Amino acid sequence: MTARTIPVAFVVNATALAASSGVDLSYPLSIAGIGPETLKDPRARLTAEQVTLFTQSAWQITGDELFGLASTPMRRGSFRVICQTLIHSPDLASALNRMTETTRVLSGLPPMTITRGESTTRLTMPPVDNTHLPEQARERAGQLLTDFRMLLVHRFAAWLIGGRVKLHSVELPYDMPDPETAKLYDRMFGTRVAFGASIAVLEFDNAAMRAPIVQTEASLTDYLRESPNLLFTARDYDSTASSQVRRALELGLQGRSPCTDEIAAKLTVSTAHLRRLLRQEGTSVNQIREEVLRDAAISGLSRGDSVDDLSHQLGFSEPSAFRRAFKRWTGQTPGAYR
């Protein structure tokens, strides 16, 4: 499968917020091969490996697994200890309950709360104190840290049970005026995200909460060794229409790319129904195809593949067509991206 790429905004925000509290992240940027021109271009994309290198180096510099965004630091190794306390839990509900208890003790963060209903379970995340930051940086820091924590819990839960963790709803305590960005959040969590809530909430389907933990201490060691790479690359075992279309198109990179009718047939739905499902998820086959090609191109250039080779592998008629497409996707030429 083609590794997904990550919008540069994640690193831009982290770097700016660190600078506002007097922390220089130039070294993590250089380690990850992220140059100033990339940071200036809002269309730029980064590989998961780049963001992982940046994050790991930032952790080393700050000594804080929350990047210095919270007034109370989360010391290096805290997440490892939290994971080790819950890996032998019998099911996901028990694991998340234990996570709320150990996080309260080890991290100094305000405690998460879990409320179980008849069909769903709500996990609430109170805002983290960040009054040590300049006032103008607090709102953006709160948003970044909320996103990070919500994705971490959701995707780590999916990894623990080795299957998709269906969310009934997601509530975020800030507004999102840009509808395109809002759609990105819908795809990240696999459900419609409600913005402007009073507090951050993940609402799980109870069927997932009853799922047994399938991971072991050995697999946890491998997971933590690569952390946070899997946070950025995990698909949450997603069964949404857009995720299934993406997988079909990724497989097509190894041969002839399937058309919309062929993808619909493979998913045992009509072409019209597939298009309707994708519209509901805010995307289309063509848009997903472009995203798959973009991510494959960025991954290939990062590995050192030549423009000629990538042009051929991705089905472009000639290298110049690939160069034009890459500029449209990222705002940069392949040469400038290298």
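This is a chat about a few local features of a predicted model.

Trainee: What should I know about the source before I start?
Mentor: The model is predicted, with local features needing pLDDT of at least 70 and side-chain atom pairs counting only at pLDDT 80 or more, while totals for chains, interfaces and linings use all residues. Residues are numbered from 1 along each chain as its sequence is written, and side-chain values use heavy atoms, with hydrogens and water left out.

Trainee: Which residues make the nonpolar surface patch?
Mentor: Tyr27, Ile31, Leu53 and Ile61 make a patch of about 360 Å². Patch residues have over 30% relative accessible area and no salt bridge; like charges are joined within 9 Å, and nonpolar side chains (Val, Leu, Ile, Met, Phe, Trp, Tyr) within 5 Å. Areas come from the Shrake-Rupley method with a 1.4 Å probe, and for residues only the protein chains shown count as cover. A salt bridge is a side-chain nitrogen of Lys or Arg within 4 Å of a carboxyl oxygen of Asp or Glu.

Trainee: Which helices supply it?
Mentor: Helix H2 (26-31) and helix H4 (48-62) each give at least two of the patch residues. Helices are DSSP runs (H or I, at least four residues), numbered from the N terminus.

Trainee: And what does tyrosine 27 touch?
Mentor: Tyrosine 27 sits in helix H2. Neighbours within four places in sequence aside, tyrosine 27 is in contact (heavy atoms within 4.5 Å) with Ser57 and Ile61.

Trainee: New topic. At what angle do H7 and H8 pack?
Mentor: Helix H7 (residues 135-161) and helix H8 (residues 179-189) pack at about 25°, axes 11 Å apart. Axes are lines fitted to C-alpha atoms, for helices over the stretch in contact, and angles run from 0 to 180 degrees between N-to-C directions. H7 and H8 are therefore roughly parallel, a label for angles under 35 degrees.

Trainee: Which residues meet there?
Mentor: From H7, Gln143, Asp147, Met150, Leu151, His154 and Arg155 meet Tyr185, Met188 and Phe189 of H8.

Key:
Parallel < 35°, antiparallel > 145°, perpendicular 65-115°, else oblique.
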